[in-house]
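Me: I'd like to learn how to read aromatic pairs in a model. Can you walk me through it with an example?

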Amino acid sequence: MATDPGPKLTDALKEIKNKMSYKNVILHSGKVSKINSAQFYKSLANNLKSRMMTSSSSNVSRNEKNRQDNDKTFKNLLDNIEKLNPKNWPLSNDGQIENIQFGDYNIRNLCQQFQIDEKSTIQNFRIYKMDLGKKEIPEDLKPLYKSIATIPASISECERNFSSMNEIMSPLRTSLNIKTVAALLFINCVGPPLTKFEPEKYVRSWLLNGRHSADDTASRKRNQKCDKTYESLWRLL
């Protein structure tokens, strides 16, 4: 798919080239540059591969070597994460941490994987170990915990996000640019419900930018047009 388009994409490209339309929707040249499909699919596959670190799901290759590599990656990840659990820390006879450097190698691997600052994370991990994990997690160690919490357990959330994108990019909204679609998709997937949305700061920003409010008397009034062709029929309803 990265190099050779599939049947659906081939049909779409032919229709766009010959008719400058897709599914009876007229297309027009915009300011958005063309997406390199091969680069897009390769980047998508690499991101999914780096995020989906399961050993027995549908994304596992049938190739035995790839399956073994996935198993090894998954087991290494679990082993690294287990070092964050205070129950796995070796203690001396007096109840103190036996080796202050215990788990540093694993935390360093996690920091490299999630692109987190190694030095501050390991320093705060040692502080956390000195307290035997009984106190609150240090601030500079929290980014690592939050990063681990982002690892998806399945691809169901990705599937829901793709479905949401299809609903946003409807045939009547084909002119939306990528930035707008990304913002709408973000709000749709992880945004707060309407009952918790606080619009005041956005309204203030709108007005400070010189926009008109809904009750602005200086704005031009909209002419209400009413088609009275069927007015006689409406009286019977």
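Me: Are Trp89 and Tyr128 buried or exposed?

Reply: This is a predicted model, and in it Trp89 and Tyr128 are both buried. Buried here means under 20% relative accessible area.

Me: How do I read the geometry of the rings of Trp89 and Tyr128?

Reply: Look at the centres, then at the planes. Rings pair if their centres lie within 6.5 Å, and planes over 60 degrees apart count as edge-to-face. For Trp89 and Tyr128 the centres are 5.6 Å apart and the planes sit at 85 degrees, so you call the pair edge-to-face.

Me: Which parts does that pair tie together?

Reply: Trp89 is in the loop between helix 3 and helix 4, while Tyr128 belongs to helix 5, so the pair ties together parts 39 residues apart in sequence.

Me: How many aromatic pairs does the count come to?

Reply: The count is 3 aromatic pairs. One of them is Trp89 with Phe125, edge-to-face again, at 5.9 Å centre to centre with 80 degrees between the planes. That pair links distant parts of the chain too: Phe125 lies in helix 5 (residues 118-130), 36 residues from Trp89. Phe125 is buried, as is Trp89.

Me: What do ring pairs link Trp89, Phe125 and Tyr128 into?

Reply: A cluster, joined by ring pairs.

Me: And what sits over the ring of Trp206?

Reply: That's the charged end of Arg211, 4.5 Å from the ring centre.

Me: How many helices and strands does the chain have?

Reply: You'll find 10 helices and 2 strands.

Note on methods:
Residues numbered from 1 in each chain as written. Predicted model: local features only at pLDDT ≥ 70, side-chain atom pairs only at ≥ 80, totals over all residues. Heavy atoms only, no water. Phe/Tyr/Trp six-rings, centres within 6.5 Å; stacked < 30°, edge-to-face > 60°. Helix = DSSP H or I, 4+ residues; strand = E, 2+ residues; numbered from the N terminus. Buried < 20%, exposed > 50% of the residue type's maximum accessible area, 1.4 Å probe, protein only. Lys NZ or Arg CZ within 6 Å of the ring centre and 35° of its normal.
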